[in-house]
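Try each task yourself, then follow the solution step by step.

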Amino acid sequence: MNCWKIKKLQPQNFRNLGNQVFDFVPGINCIFGQNGNGKTNLLEAVYLLTNKKSFRKNTAFPQMINIEGGSPEIIIQSAFEDEDKKELLAYSLRLHDDYEERFLNNVPEKSKTPTSSVFINPFDSYSFHTSSTFRRHWMDSHLSLMDSDYRKTLGKFQKSMRFRNSVLGIGGKTASNQLKAIDEQVAEYSAIITDKRHQFIQGLNEQITSTFKAVFAEEHFLKLDLDSVFTHWDAKKIFDFYRHQESTDLKAHLTQVGVHRDDFIFSFDGLNAFEFCSLGQQKMAFLSLIFAYIELFRYKFTSYPIVLIDDVSGELDSQRWKNLISYLETKKFQVLITTANENFGKELERIPNSKKFLIAHGTLA
Ligand SMILES: Nc1ncnc2c1ncn2[C@@H]1O[C@H](COP(=O)(O)OP(=O)(O)OP(=O)(O)O)[C@@H](O)[C@H]1O
Ligand SMILES: [Mg+2]
């Protein structure tokens, strides 16, 4: 297994970024610049290249193509390097309104990317602690990145569930027969999804307390639990449940119970983190969760993802910044970290062997 790190990136017509080459180091890359100059756009370009979608919500080609460019396509060219094996590969993306092409060493490649990346942003901690929909989405997208079978099963489940809800919406005499057939599929997918979510949470739990200590030098016991009706149920039991639910769901015109309503509970020293933690503690817990995920990723793929950190300085005090930076320095993953905060910037400036970039109006200054 190769451990690819991004070495060069050349975006063209992507948001406000100029057509230039960014040369990254395999360790920590610090990206400075004032608000609205293109720091997050640079992280987005790397994410789009490696994860095949943006991390921004409701974002597609029309939002990403440079509004002033006049060109019909976005091109992102890149080079990745495996330092240990001394290997290089070229990877590029051409994005149009209605299709995209990707090339690995100039050969068309539809599915594989050289590596994946994980995006950490300041607002996610708040959303994570306040919204169960966000938590479920977080769980689904991060587990999908590690497990393509999960991603496929989830896609099939969502399709079946949409169909189920449309049948429930129409109702009528034939609904019952149709629902029986749909429920067999829904039950099969639900059993797989619940099982994989439990395994995922167990894997995160094995890492998260020690990760918190490694990052913030404090002892706290962190734990995730899956809040799901179908825990330890097999497909047959789930199918029977849905058969039993039929009349209630028909009345409501909606599937009221299922893995699409699952949540997870995050506890901090035995207390519900969503209710008891301060904003700073919530952020520390959330960051520890992501770094635990990154360790789990490495455990599975024997290589780290690229870690994209978008100005996380708010709410953390300076000691915690220092702890976080020391943690990043000890790790073997590649980091692209941005900030517009001058004080946090000064801490980043001190990191030995890191590379500094200053972005102004989408261009390297
Ligand atoms: N499609 C586009 N074409 C051209 N410019 C765009 C496009 N989409 C966004 N922008 C511009 O990119 C800039 C925002 O860039 P970005 O979000 O990377 O800023 P930032 O440096 O991360 O700022 P902050 O420190 O506030 O987070 C904005 O000025 C915005 O108008
Ligand atoms: Mg930004």
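Domain bounds here come from an automatic or database domain assignment. Keep in mind throughout that this is a predicted model.

**Exercise 1. The two domains**

Task: Find the domains of the protein chain, and work out which helix gives the largest share of the side of domain 1 that touches domain 2.

Solution: 
- Step 1. Look at where the domains touch: five residues of domain 1 are in contact with five residues of domain 2.
- Step 2. On the side of domain 1, helix α10 (residues 318-330) supplies the largest share, with four residues.
- Step 3. Sort that side by residue type, and you get two nonpolar, two polar and one charged.

**Exercise 2. Helix α6 against helix α10**

Task: Describe how α6 and α10 pack, and name the residues that meet.

Solution: 
- Step 1. Recall what is needed: two packed helices are described by the angle between their axes and the distance between the axes.
- Step 2. For helix α6 (residues 175-216) and α10, the angle is about 110° and the axes are 7 Å apart.
- Step 3. Angles of 65 to 115 degrees count as roughly perpendicular, and α6 and α10 are therefore roughly perpendicular to each other.
- Step 4. From α6 come Ala214, Val215 and Phe216, which meet Arg320, Asn323, Leu324 and Tyr327 of α10.
- Step 5. The residues of this contact of α6 with α10 are five nonpolar, one polar and one charged.

**Exercise 3. Helix α3 against helix α9**

Solution: 
- Step 1. Helix α3 (residues 122-130) packs on helix α9 (residues 279-301) at an angle of about 95°, and their axes are 9 Å apart.
- Step 2. That angle makes α3 roughly perpendicular to α9.
- Step 3. Asp124, Ser125, Phe128 and His129 are the α3 residues here, and they meet Gln282, Lys283 and Phe286 in α9.
- Step 4. By type, the contact of α3 with α9 has two nonpolar, three polar and two charged residues.

**Exercise 4. Around ligand 1**

Task: Say which residues come nearest to ligand 1, and which element gives the most to the shell around ligand 1.

Solution: 
- Step 1. There are 16 residues around ligand 1, and the nearest are Asn16, Asn35, Lys39, Thr40 and Asn41.
- Step 2. Two elements, α1 (39-51) and α2 (61-64), each give two or more residues to the shell.
- Step 3. It is α1 that gives the most, with three residues.
- Step 4. The shell divides into four nonpolar, ten polar and two charged residues.

**Exercise 5. Buried, partly exposed or exposed?**

Task: Classify threonine 302, histidine 361 and glycine 203 by their C-beta neighbours.

Solution: 
- Step 1. The cut-offs within 10 Å are 20 or more for buried and 12 or fewer for exposed, with partly exposed in between.
- Step 2. Threonine 302 sits in the loop between α9 and β12 (306-310). It counts as exposed because it has 10 C-beta neighbours inside 10 Å. Its phi is near 55°, a positive value in a residue other than glycine.
- Step 3. Histidine 361 lies in the loop between β14 (355-360) and β15 (363-364). Its 13 C-beta neighbours inside 10 Å put it in the partly exposed class. Histidine 361 also has a positive phi, about 50°, although it is not a glycine.
- Step 4. Glycine 203 belongs to helix α6 and has 19 C-beta neighbours inside 10 Å, so it counts as partly exposed.

**Exercise 6. Leucine 358 and its contacts**

Task: Locate leucine 358, and list its contacts apart from neighbours within four places in sequence.

Solution: 
- Step 1. Leucine 358 is in strand β14.
- Step 2. With 15 C-beta neighbours inside 10 Å, leucine 358 is partly exposed.
- Step 3. Leaving aside neighbours within four places in sequence, leucine 358 is in contact with Phe32, Gly33 and Ala365.
- Step 4. For a distance along the chain, take phenylalanine 344: it is 14 residues away from leucine 358, and their C-alpha atoms are separated by 14 Å.

Notes. Residues numbered from 1 in each chain as written. Chains lettered and ligands numbered in written order. Predicted model: local features only at pLDDT ≥ 70, side-chain atom pairs only at ≥ 80, totals over all residues. Near = placed C-beta within 6 Å. Nonpolar A, V, L, I, M, F, W, Y, C, P; charged D, E, K, R; others polar. Axes fitted to C-alpha atoms, helices over the stretch in contact; angles between N-to-C directions. Parallel < 35°, antiparallel > 145°, perpendicular 65-115°, else oblique. Contact = placed C-beta atoms within 7 Å.
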